[in-house]
Amino acid sequence: FLLLFLSISVCSQSDENSFQERHKLIISPKTESCFFLPNLQEGYQLSISYLVVSSKNGKQQDITMRLRDPKRMLVTYQGRRSTGNYSDYTVKAAGDFELCFNNRHSHTDSKKVVWQFDIEGDEDVLQPGEEIDLAVNQTLAEYLVEAAQVRKILGSLRKVM
């Protein structure tokens, strides 16, 4: 199953119309690790996948996952699973979403979790600094055209001399 999860993850990485991140973490016994997915806007599509890669006595271990919206309302809760997927959630309220992995049910075992999220919907939005990149690229394109013209003129002059 791990191979299937990783192959799905690699395939989704090739999609140029979304933003993806992948993380690995170890969650100690009786603890919870939370992350924020910042500044999600209404209409964005959010997908989350996770896999517990640690095992005990040959059996894959489990973890609990929950996702809350900016108003702290529960979006999804998946209790004690070894793998999970929450796909194509349409953001209804803009803001920071909280994603937590909970290992409080385990008294002795740490859990190693690989997880990723995918956000679709912001591919047409310019991020700070992208305007500068566009201007630099336009200037570079103009320079390359002018340089080609100069080379052509210089080549003509060499033939005349």
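Tutor: Fine. Start with Arg80, which has its place in strand 7. Keep in mind that this is a predicted model.

Student: What is phi of Arg80 near?
Tutor: Phi of Arg80 is near 40 degrees, a positive value in a residue other than glycine. Asp88 is another such case, with a positive phi near 55 degrees, and it is not glycine either.

Student: Where is Asp88 found? And is Asp88 buried or exposed?
Tutor: Asp88 is found in strand 8. Its relative accessibility is 54%, so Asp88 counts as exposed, the cut-off being over 50%.

Student: Back to strand 7. Which residues is Thr76 in contact with?
Tutor: Thr76 lies in strand 7, which covers residues 74-81. If you leave aside its neighbours within four places in sequence, Thr76 is in contact with Met65, Arg66, Leu67 and Tyr86.

Student: Thr76, buried or exposed?
Tutor: Buried, because its relative accessibility is 10% and the limit for buried is under 20%.

Student: How many bridges join strand 6 to strand 7?
Tutor: Five bridges join them, and the two strands run antiparallel. In that pairing, Arg66 stands opposite Tyr77 in strand 7. Strand 6 and strand 7 form a hairpin with five residues between them. Arg72 in the turn has a positive phi of about 70 degrees.

Student: What does strand 6 pair with over five bridges, besides that?
Tutor: Strand 6 pairs with strand 9, again in the antiparallel sense. There, Leu67 stands opposite Leu99 in strand 9.

Student: How many residues of strand 6 are buried?
Tutor: Five of its six residues are buried, so strand 6 (residues 63-68) is mostly covered.

Student: What holds strands in a sheet to each other, in general?
Tutor: Strands of a sheet pair through backbone hydrogen bonds, either parallel or antiparallel.

Student: OK, new topic. In what order do the four strands of the open sheet come?
Tutor: The order is 1-10-3-8, and the pairing is antiparallel. The edge strands are strand 1 (18-27) and strand 8 (83-90), each of which pairs on one side only. On average, neighbouring strands of this sheet are turned by 10 degrees against each other, direction ignored.

Student: Over how many bridges do strand 3 and strand 10 pair?
Tutor: Strand 3 (residues 45-52) and strand 10 (residues 111-120) pair over eight bridges, in the antiparallel sense. As part of this, Gln45 stands opposite Glu120 in strand 10.

Student: Now disulfides. What is the count?
Tutor: The count comes to one disulfide. It joins Cys34 to Cys100, with an S to S distance of 2.0 Å. Cys34 lies in strand 2 (residues 32-40) and Cys100 in strand 9 (residues 95-102), so the pair ties together parts that are 66 residues apart in sequence.

Student: Why is the disulfide right-handed?
Tutor: Because the torsion about the S-S bond of Cys34 and Cys100 is about 110 degrees.

Student: And what is the relative accessible area of Cys100?
Tutor: Cys100 has a relative accessible area of 1%, so it is buried. Cys34 counts as partly exposed, at 32% relative accessibility.

Student: How many salt bridges does a search of the whole structure find?
Tutor: Six. One of them is between Glu32 and Arg104, with the closest N and O atoms 3.7 Å apart. Glu32 lies in strand 2 and Arg104 in the loop between strand 9 and strand 10, so this pair ties together parts that are 72 residues apart in sequence.

Student: Which residues are linked with Glu32 in a network of salt bridges?
Tutor: Arg66 and Arg104 are linked with Glu32 in that network.

Student: What does Lys111 form a salt bridge with?
Tutor: With Asp62, the closest N and O atoms being 3.6 Å apart. Lys111 is in strand 10 and Asp62 in the loop between strand 5 (59-60) and strand 6, so the two are 49 residues apart. Both Lys111 and Asp62 are buried.

Definitions and conventions: Residues are numbered from 1 along each chain as its sequence is written. This is a predicted model: local features need pLDDT of at least 70, side-chain atom pairs count only at pLDDT 80 or more; totals for chains, interfaces and linings use all residues. Side-chain values use heavy atoms; hydrogens and water are left out. A disulfide is a pair of cysteine sulfur atoms within 2.5 Å. Buried means under 20% relative accessible area, exposed over 50%, partly exposed in between (1.4 Å probe, protein chains only). Contact means heavy atoms within 4.5 Å. Two strands pair if DSSP finds at least two bridges between them. Axes are lines fitted to C-alpha atoms, for helices over the stretch in contact, and angles run from 0 to 180 degrees between N-to-C directions. A salt bridge is a side-chain nitrogen of Lys or Arg within 4 Å of a carboxyl oxygen of Asp or Glu.
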